[in-house]
Amino acid sequence: MEIPFLNLKRENERYTSEIREAVSRVINSGWYILGEEKNSFENEYATYCGVKHCIGAGNGLDAIRLILMAYMEQGVMQKGDEVILPANTFIATALAVSQCGLIPVFADCDITTYNIAPESVIEKITSRTKAIIAVHLYGQIAAMDQLKQIARQHNLKLIEDAAQAQGAIYNGKKAGNLSDAAAFSFYPVKNLGALGDAGAVTTDNEDLARIVRSLSNYGSDRKYMHEYKGLNSRLDEMQAAILSVKLKHLDRDNQRRKEIAAYYSENIKNVNIILPDNKDGKSHVFHLYVIRTDNREQLQLFLSDKGIQTQIHYPIAIHKQPAYSVSAGLNLPVAEQLQDEVLSLPLYASLTDDELHRIVEALNNY
């Protein structure tokens with residue numbers, strides 16, 4: 001029997017009765033946008049992250065855009081300013097910057113954590129730099145202590161792209177509570193996933209939260225009065241209700257992810273495979289378990305022949321994408337090495353022990 005890279009049907013079946021009850025509640029309410037379900041989830045998620053404010057958004061890309069737009073409305077940054085971000089991440093992080101009229105500046109990555117390298121950030125700072133976006137890639141928190149120090153020294157905003165790190169902890173604080181503002185995606189494959197597109201912004205800054213909330217609703221905080229040129233990017237009632245259900249199970253599901261990752265790390269014994277580095281053994285929530293090998297295509301084909309699906313996150317670093325050809329000449333050796341070596345193994349809470357054993361056995365027999 002084939003082992004899928006991710007079985008979303010099986011993941012969500014565990015909460016079928018609760019989700020159906022939540023969906024029925026929304027349908028029966030007759031209120032589908034900007035209602036009590038959104039308010040309730042925002043309060044729950046703010047409490048979960050340990051912040052004062054959570055603003056639901058349509059998706060993770062918009063969540064980053066809304067943060068940047070709010071800073072532009074505050075006069076913190078303006079079109080043409082630079083924002084530093086890692087080259088090894090999903091392109092949405094860069095797209096948000098570009099779509100705000102800001103300039104993405106790509107930094108290299110740490111070879112052990114795959115996160116943005118603080119030393120590379122320092123090299124990229126210019127007089128036009130206004131912010132750093134730290135992506136907590138694959139579920140592991142970036143080097144936030146060092147990045148905070150850099151941001152303070154250069155008077156920069158520090159923003160978290162926490163799309164893959166719901167529930168991850170760093171020095172006793174959760175992702176979303178480690179910076180000036182944070183963006184989350186609740187795309188269905190995430191550790192906390194909706195049944196459609198959804199996202200959120202978290203922050204302790206009251207004025208920023210107010211502007212983000214207004215911007216997400218056409219730039220309006222009261223009907224037909226528009227203070228800003230905003231977006232239509234609101235977390236709808238249905239997805240909010242579903243997320244409230246799944247939030248109750250997030251810590252348990254993350255614990256299962258950690259157990260699966262620990263099993264991989266303890267039992268994969270192939271010298272041709274480099275395992276991911278888990279800095280403190282606790283905080284990484286393993287949205288993905290990413291190995292490295294210099295013969296990735298052969299390994300992926302070998303596993304496929306044994307009925308084991310894998311994926312590559314990400315096969316082309318952002319500065320090598322056609323959309324960012326202006327940056328193609330950058331020298332970012334670690335990001336370029338990672339794009340050629342990384343391979344993501346199946347990892348999700350409903351993965352069975354038998355499936356896990358089969359995957360490890362195949363890897364060790366390669």
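R292 is buried because its relative accessible area is 7%, where buried means under 20% relative accessible area, exposed over 50%, and partly exposed in between (1.4 Å probe, protein chains only). The model is a predicted one, in which local features need pLDDT of at least 70 and side-chain atom pairs count only at pLDDT 80 or more, while totals for chains, interfaces and linings use all residues. Residues are numbered from 1 along each chain as its sequence is written, and side-chain values use heavy atoms, with hydrogens and water left out.

The side chain of R292 meets that of E341 in a salt bridge of 3.0 Å, N to O, a term that stands for a side-chain nitrogen of Lys or Arg within 4 Å of a carboxyl oxygen of Asp or Glu. This pair links distant parts of the chain, since E341 belongs to helix 12 (residues 333-341) and R292 to strand 12 (residues 289-292), 49 residues apart; helices (H or I, at least four residues) and strands (E, at least two) are DSSP runs, numbered from the N terminus. E341 is likewise buried, because its relative accessible area is 15%. Elsewhere, salt bridges that share partners join E11, R14 and D253 into one network.

The structure holds 16 salt bridges. One of them joins the side chains of E227 and R210 at 3.8 Å, N to O, and this pair too links distant parts of the chain, with E227 in the loop between strand 11 (225-226) and helix 9 (237-247) and R210 in helix 8 (residues 206-216), 17 residues apart. E227 counts as exposed because its relative accessibility is 51%, whereas R210, at 36%, counts as partly exposed.

R256 and D353 also form a salt bridge, with their closest N and O atoms 3.1 Å apart. Because R256 lies in helix 10 (residues 250-267) and D353 in helix 13 (residues 353-365), the pair ties together parts that are 97 residues apart in sequence. D353 is partly exposed, at 43% relative accessibility.

How many disulfides are there? With a disulfide taken as a pair of cysteine sulfur atoms within 2.5 Å, the count comes to zero. C54 is in no disulfide, and the nearest cysteine sulfur, that of C49, is 6.9 Å away. C54 counts as buried because its relative accessibility is 3%, and C109 counts as buried at 4%.

I27, found in helix 2 (residues 16-29), counts as partly exposed because its relative accessibility is 45%.
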